[in-house]
Amino acid sequence: MKKVFILLAATLISFGATAQSDEMMRQWRQTVQKRDISQRHLTSGIKQGTATKSDSKSTTGMPNDQFWFPGEWEEVQAIVVTPYYTYKSTNPAYQGYYFMADPVVPGWADIYQYTNNDWQQVATTSYIATIDITSTFGQVAFYLMDAIQQGGAQAWVRVEDFADTTTVLQHLIDKGLRHNNIRFLEAPGNSFWYRDCGPICFYYGEGDTVGMLDFEYYPGRALDDSLPVYIERQFGLPNFTTMIEWEGGNCLVDGAGMVLSSDALYGNNNDSYGQVTWDGVDPNTITYLQKPRLSPDKVKDSLHTLIGPRATYILPAFKYDGGTGHVDLYADMINENKFIFSQMPDDYSNWYDYKVGKKNMDSLCSYQSYFGEGYRCQFIPFPSRNNGTNFSSQVQYDNQFTRTYSNHTFVNDLIIQPCFSTVGSDGMPTAEWDRANIEELKKAYPGYTIYCVDVREFDGSGGAIHCITKQIPAEHPIRILHSDIHGNTGTAYTTTDATISAIITNVDGIDSAKVVYSIERGPWIELDMTPGANNTYTAQIPTSGQLSGDYTMINYYIKATSNAGKTITKPMTAHQGGYYNFYLGENPNPPVSIDAVDADQRFGQFFPNPATDEASIVINLNSGDNYSVSIIDQSGRTVHTSSLQASGSIVVYTVNASRLATGMYTVVFDGNGQRVARKLIVQ
C-alpha cells in the first residue's frame, strides 16, 4: 500500500497579499503539532487494519553482520532538508486568509478556519502545494541549503514535484546563496521536521556500507514517515526497518555503541495506534493501522539491540520544551568523550525542567565512555528573550519560546547554529546578548565555522535547526576513536613522553597515521604512529624535559590516510585551529589563545570568509587607537605584520588574501592592553 500522512509538525503559511498575524501563525503551529492525531480514527469512521512490516515500511530487518552508528560530528556526505511548503485548498471557498490546509493523503487535506482565536476543522478538499519564498520562516530552509554546501556536503532537497527545483535554484541565485551542490528528491509530504521523521543512518558490513534504520514516525504522518522509502528508491541507500515508534531528535549516539534518549519514547509506544495507509486511488482504502503495545522494557531492549549495544540510557524527558521531550533540545556531543549542555540560569532553579536537566546532566557525566572513563561535560549559555532578559516563567517559555542553542547541526567542520536576533554582515547575531552567547559557544566548539541562522520564527514550536536537518554519513569513513589528553597534567608527562593512542579503521586499509604536535605554538611536527593489535595506533609526543616554568602548552591532532588516498584529521577542525591541547605542569589560569576568538564586539568578523582575493573586517574604535596586526599561519609562523591607526570611529581593515597560501590563518590585533583574534580562511 502507498504510504500517506497527516501533519503534526509546525506549519507557517502566507495566503494572498494580506500579512499574516504572528500570533495566529504561532497558534497554528502549536495546533497541528500538539493535536492527538493518533486517536483520529475514533471519530473519522475510517476503517482499521493490523500493521505489519510489509505495509508500514518499505523493507524489513536489520543486517546480520557488524554495524555501528557514527557520531554527528563525524564526516558527512549530505544533509536532507526541504523547502517550506504552503498548502491551499483548490476549492475557492477555502482559499481565504483564515483557511489552512492540513494534508491527510496526497492531494487531499483537512481545511481549518481561524475563528474566535482558535483553529477549527471545517472541511476536507483537494489541495495544491507551493514553496514559500516570501516569509521569514520560509527563508530559513534556503540558508540551511547554503550552509550545508559551505560545510562541504551536498544538500539533498526534498520537493513535491521536480518542477519545483527551478523555484529552489532560482531563489538561491536571487539571494546570492550557494546552489552548485544540490541533489533533489521528489517525495510527498508537508512537514519539515526531517531530523524526527528521517532515518537514523549507520554503517554495516565489512565494507562500511551506509544504511538507514527507519523507525515508525508519529501515527497519521505516513508521508513524513515514508521519507526513507523515497531516499532508498531514488538514491539507492539501503533502508532497514523497525516497528519501534521514535523520532530522530530524541536520539543521541557517541559513535562507539552508546545511545541516549528520553522516556518520551515509552509513551509513544504505549498505544495501539499505527500508521495510515492508502492505495493512492480509492479513498475507501484509507486505513488506520493498529500495532502492538510495547512495554518500556521491550522498547529499551530494542534500542539496545539496534543502536546501543555497549550502553543504552533513557533519561526523564523535559516537560516544558514545546511538547517533544527530545534530548536534542539541551544535550549534544562534540566527540565520543564529551557532552555539551545548554544550561539554564540559576534564576530558573524552581522550574521543573531545570531540576530534570540538572539530574540528567549529572547522570550523563557519571556514565562511562568507550574508553572506560567518565564522560566530560561542558556548558553553553541559555538563550534569553528578545530584549536580553530572562523568561518570566516556565509556562511562558514553553508556550512562546522553547529556545535553545544546542539544537544545531554539524556539517563536517561547520556548525549551522540557531541564534535569536538578526544576523549581521559579519555572520554574527546583532543583539548584544545573543552575540555574547555565541562567542561563548565558540569556545566549546573550537575550530568550527559557525553559520548563524535567525530562528525566532520557530519560537514555541519545540525545535530549531537540528530538528529540520538530517545527516547522511560519508562513504568509506576513516574512523578514529581517541581518548585525548587534556587540561593540566601535572608531572604525568614531564619525565615520561606522552603516549597518544587511537583506534583507526577504514575499509580500504590505513596507509599512514600520524600525530601532529606543537609545543608553545612552535612549528608543527609530525610523528608516525605505530600500528598494533586491534587497529590501535600509538606514538609518543616527546614531552620529557619540555616543562618550562609552571606550565608548557602542547597542541596536537591525529591525521590518518587510507590506502585509497582519503585523509581525515581528529578533530576534524584541526585545520581551523580546533586541535587538542594540554599543559605540562599546572596552568591555573589558561590565557586566551590566539586560536580563540575574543568576545570584543567592536571587532567584527572577516568577510568574505573563506576569501580568495580580499577579506575585510569592520572595527569600531576610538579615534587615535593604535594596533599592531599579525597574520599567523597554522604552524604558528607570522607571515605578515602591519599597523592600524583609527582616524575615525569606523575602521575597515583589509587583508590581501591573494598573496597568502591556501589555509587557515589567525589575524591578531594587539593594542590598548588587549589582544583580539579573528579567523580567516584563504582558498
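Some ground rules come before the details. The model is predicted, so local features need pLDDT of at least 70 and side-chain atom pairs count only at pLDDT 80 or more, while totals for chains, interfaces and linings use all residues. Residues are numbered from 1 along each chain as its sequence is written, and side-chain values use heavy atoms, with hydrogens and water left out.

The protein has 13 helices and 41 strands; these are DSSP runs numbered from the N terminus, with helices (H or I) of at least four residues and strands (E) of at least two. Buried residues, meaning those under 20% relative accessible area with a 1.4 Å probe and protein chains only (exposed is over 50%, partly exposed in between), make up 59% of the 683 residues.

Now for the rings. The whole structure holds 46 aromatic pairs. Rings of Phe, Tyr and Trp (its six-membered ring) pair if their centres lie within 6.5 Å; planes under 30 degrees apart count as stacked, over 60 as edge-to-face and the rest as tilted. Phe-67 and Phe-202 make an edge-to-face pair, with 6.0 Å centre to centre and 70° between the planes. This pair links distant parts of the chain, 135 residues apart: Phe-67 is in strand β3 (residues 67-68) and Phe-202 in strand β11 (residues 200-204). Phe-67 counts as partly exposed because its relative accessibility is 26%, whereas Phe-202, at 0%, counts as buried.

Trp-193 and Phe-458 also pair edge-to-face, at 6.1 Å centre to centre and 80° between the planes. Here 265 residues separate the partners: Trp-193 is in the loop between β10 (182-186) and α6 (194-197), and Phe-458 in the loop between β24 (449-454) and β25 (470-473). Trp-193 is buried at 4% relative accessibility, and Phe-458 is buried at 3%. Elsewhere, ring pairs join Tyr-348, Trp-351, Phe-382, Phe-391, Tyr-397 and Phe-401 into a cluster.

A charge sits over a ring if NZ of Lys or CZ of Arg is within 6 Å of the ring centre and within 35 degrees of the ring normal. The charged end of Arg-183 does this over Phe-235, 3.8 Å from the ring centre, and Lys-319 lies over the face of Tyr-352, 5.5 Å from the ring centre.
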